[in-house]
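Thanks, everyone. Please bring up the structure on your screens, and I will talk through the packing inside one chain before turning to the contact between the two chains.

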There are 2 protein chains.
Amino acid sequence: MTRIDDVARLAGVSTATVSRALRGLPTVSAATRRRVLAAAEQLQYAVSPSASRLAGGRTGTVAVVVPRITRWFFGTVVEAVEEFLHHAGYDLLLYNLGGREQVRQRVLRTANLHKRVDAIMLVATPLRPADLTALAELDLPGITISSGSTVPGWPCVRIDDVAAARTATRHLLDLGHRRIAHISGDPDDELAFTTHTDRRRGYQEALRRAGLRPDPRLDMESQFTIDGGNQATVELLARGEPPTAIFAACDEIAMGAMTALRDAGLRVPQDVSVIGVDDHDLSAVLGLTTIAQPAAEQGRLAARMLLDPLGAAAAELGGVVAEPDADRVPAPRATRVHGPTPRPPVILPTRLVVRESTGPPRAN
Amino acid sequence: MTRIDDVARLAGVSTATVSRALRGLPTVSAATRRRVLAAAEQLQYAVSPSASRLAGGRTGTVAVVVPRITRWFFGTVVEAVEEFLHHAGYDLLLYNLGGREQVRQRVLRTANLHKRVDAIMLVATPLRPADLTALAELDLPGITISSGSTVPGWPCVRIDDVAAARTATRHLLDLGHRRIAHISGDPDDELAFTTHTDRRRGYQEALRRAGLRPDPRLDMESQFTIDGGNQATVELLARGEPPTAIFAACDEIAMGAMTALRDAGLRVPQDVSVIGVDDHDLSAVLGLTTIAQPAAEQGRLAARMLLDPLGAAAAELGGVVAEPDADRVPAPRATRVHGPTPRPPVILPTRLVVRESTGPPRAN
DNA sequence: CTGAAAGCGCTTACAG
DNA sequence: CTGAAAGCGCTTACAG
């Protein structure tokens with residue numbers, strides 16, 4: 001393969017100049033730059049990432065950690081993040097935890113990531129104290145998406161899960177429902193994954209504000225999956241006297257619930273109303289009423305917030321983050337990834353999308 | 001950060017010996033290895049990937065290219081591939097084309113991948129002649145999944161799309177259907193993405209074998225998405241005299257079709273039967289009859305086939321592919337990634353899963 | 001604006 | 001089984 005010396009020789013300059021010209025540094029004359037670019041083009045030169053990283057100290061790579069890429073929210077986030085990162089000239093190293101506890105530990109605790117990436121994005125990744133220690137030792141810039149994980153000093157992009165849950169529950173209350181079930185995650189989960197506890201809290205708050213007392217017999221635990229929602233609903237129905245409405249903590253749970261209801265001979269929404277959270281691709285198709293959350297936008301925004309400080313840092317050194325053929329990273333912002341000031345999370349809006357799965361309860 | 005010299009000093013050996021001991025090379029005495037491992041442990045040493053790659057010439061990284069990570073098949077494949085790769089000590093660089101033509105070109109045509117990865121996995125990635133040339137110049141080992149993309153000299157893992165489609169169509173024929181519609185990809189697609197053409201062929205073959213002539217007015221084009229299936233079905237119904245059954249080229253199309261039918265006041269399967277291909281997570285829940293294909297298994301198998309030759313090559317050099325803490329790559333196989341012998345694709349089995357979305361046509 | 005030279009942190013023949 | 005030394009291909013002060 002052609003190396004930087006080949007380009008230097010052909011262009012009649014030093015390798016240092018080739019390096020500068022190719023990275024778009026300002027300290028190269030236009031004429032020289034032109035000759036270098038032509039030579040690189042002619043030789044089909046591409047920089048060796050390993051060498052560049054070793055010499056430059058930056059990897060141009062971001063680790064993105066998700067619980068399960070196959071779930072709608074995570075797939076959608078990763079798609080948006082991938083686009084942003086590659087556009088900015090960064091590589092995306094994917095870590096899919098796949099529900100395997102030991103994998104989370106290996107990803108977060110080994111020094112694996114240390115010299116491998118410039119920054120870390122954690123999407124709804126449950127974190128234990130030991131994980132936080134490991135991340136602190138890693139001393140890399142990072143960001144989290146979703147309230148599932150909070151790392152001291154890292155910014156966070158998410159929705160207001162409590163408010164979203166309140167809105168969903170209030171929608172059912174407004175329709176006249178009083179026996180409203182909830183299906184969400186396991187509250188005894190030892191991991192600090194707060195999404196489901198937040199949504200459960202919003203549900204209970206809305207009930208209380210309406211003068212109702214949450215009924216533990218209507219509060220079900222489930223995985224955040226279609227199958228989990230299905231099972232939880234079967235169990236719920238087995239308890240006798242079904243609710244007139246179900247607030248599912250995510251659309252996948254809601255879909256499972258709809259199926260279980262149908263299998264039990266109950267119609268949605270005539271017999272039981274169902275509402276979820278997400279606005280999954282399928283939700284429109286299934287007529288599922290939901291609290292829509294901007295998954296792709298959370299991914300894009302988090303990616304931008306993560307790269308901005310990197311870009312700023314590179315600029316200070318007279319450098320540029322982007323690869324030669326990639327667009328520039330958006331203008332640096334005031335955000336600092338490290339530092340003592342804990343920043344408040346960036347909260348993106350959700351909105352109620354009413355479809356066919358919710359309606360007034362039957363007049364008994 | 002601690003470097004290899006720190007470990008060498010603490011263990012009282014040379015950096016060369018540290019390097020060998022840490023990678024599990026056989027040419028290190030047990031006692032020395034123990035001391036080195038203890039020193040590395042004590043210092044929390046982790047090798048610098050950039051330095052290791054530059055010196056060693058291997059990146060320990062695989063590029064995985066998918067059209068859209070958000071679609072069931074691709075998410076499921078990536079999840080399985082990710083697990084296998086990380087288990088074997090490899091990093092996964094994710095490229096999501098996202099339906100953007102220029103992205104495909106940039107990913108495949110630039111020398112971007114050349115010094116960045118050891119191997120490439122292309123999942124149902126449409127390839128033009130120019131792309132094939134670029135891949136050939138890259139001269140990296142690779143593998144493809146799905147018939148969508150075929151690269152000369154690369155192995156391929158897939159299902160038999162023609163047979164799967166025949167089975168699906170025959171299922172409908174066996175139930176007594178005669179007016180069977182098909183919804184699949186755009187046949188004029190200039191990209192060599194053959195999945196939908198293969199499935200269309202199977203559909204037509206099954207009809208002909210039953211003595212029926214394929215009716216172009218029952219043959220619809222669609223994106224491989226829920227929304228695409230929905231739109232195509234709306235259009236199909238607008239043509240008047242609906243079919244008694246629909247064979248959708250994938251489950252996502254089938255789901256869109258079911259919705260459109262429901263919206264049109266038609267019942268599934270009483271008025272119209274629907275069958276898909278995939279066995280999407282949601283299919284069981286929706287009661288969708290389908291031709292199940294092993295997505296995760298295709299990913300795992302392809303990952304293994306891709307790494308085996310790399311492992312073999314490393315072994316020849318007295319090396320080992322896996323990282324110190326990772327498991328060994330499965331035993332090398334006879335497969336050679338380069339070489340003139342075109343290997344036949346590895347075909348994984350599919351199977352008909354009958355659920356509630358198919359039944360006999362109404363007696364008119 | 002440009003170049004010579006050191007250095008990034010490893011791995012690999014080579015020699016013993 | 002082990003070490004000294006070269007070299008992987010860049011980037012970065014430093015000097016001019």
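Helix 9 of chain A, residues 195-209, lies across strand 6, strand 7, strand 8 and strand 9 of chain A, and runs at about 170° to strand 6 of chain A; please keep in mind throughout that this is a predicted model. The sheet itself is open and mixed in its pairing, with six strands of chain A in the order 7-6-8-9-10-12. Strand 7 (219-221) and strand 12 (351-353) of chain A each have a single partner strand, so one side of each is left without a neighbour in the sheet. On average, neighbouring strands here are turned by 20° against each other, direction ignored. Strand 6 of chain A, residues 180-184, pairs with strand 7 of chain A in the parallel sense over three bridges, and A:His182 stands opposite A:Asp219 of strand 7 of chain A.

Let me move to the interface. Chain A and chain B each bring 49 residues to the contact, and the area buried between them is about 4500 Å², with carbon and sulfur atoms giving 55% of that. Of the area that chain A buries against chain B, 15% is supplied by A:Glu79, A:Lys115 and A:Val285, more than by any other three residues.

How many salt bridges does the rule find across the interface of chain A and chain B? It finds four, and in a salt bridge the side chains of A:Asp91 and B:Arg116 meet at 2.8 Å, N to O. Across this interface there are also 17 residue pairs in polar contact, both residues at pLDDT 80 or more. Helix 5 of chain A gives the largest share of the side of chain A that touches chain B, namely eight residues.

How values were computed: Residues are numbered from 1 along each chain as its sequence is written. Chains are lettered from A and ligands numbered from 1 in the order in which they are written. This is a predicted model: local features need pLDDT of at least 70, side-chain atom pairs count only at pLDDT 80 or more; totals for chains, interfaces and linings use all residues. Side-chain values use heavy atoms; hydrogens and water are left out. Contact means heavy atoms within 4.5 Å. Buried area is the accessible area (1.4 Å probe) that two parts lose on being put together, summed over both. A polar contact is a pair of N or O atoms within 3.5 Å; within protein, one must be able to donate a hydrogen and the other to accept it, and residues adjacent in sequence count only if both atoms are side-chain atoms. Helices (H or I, at least four residues) and strands (E, at least two) are DSSP runs, numbered from the N terminus. Two strands pair if DSSP finds at least two bridges between them. Axes are lines fitted to C-alpha atoms, for helices over the stretch in contact, and angles run from 0 to 180 degrees between N-to-C directions.
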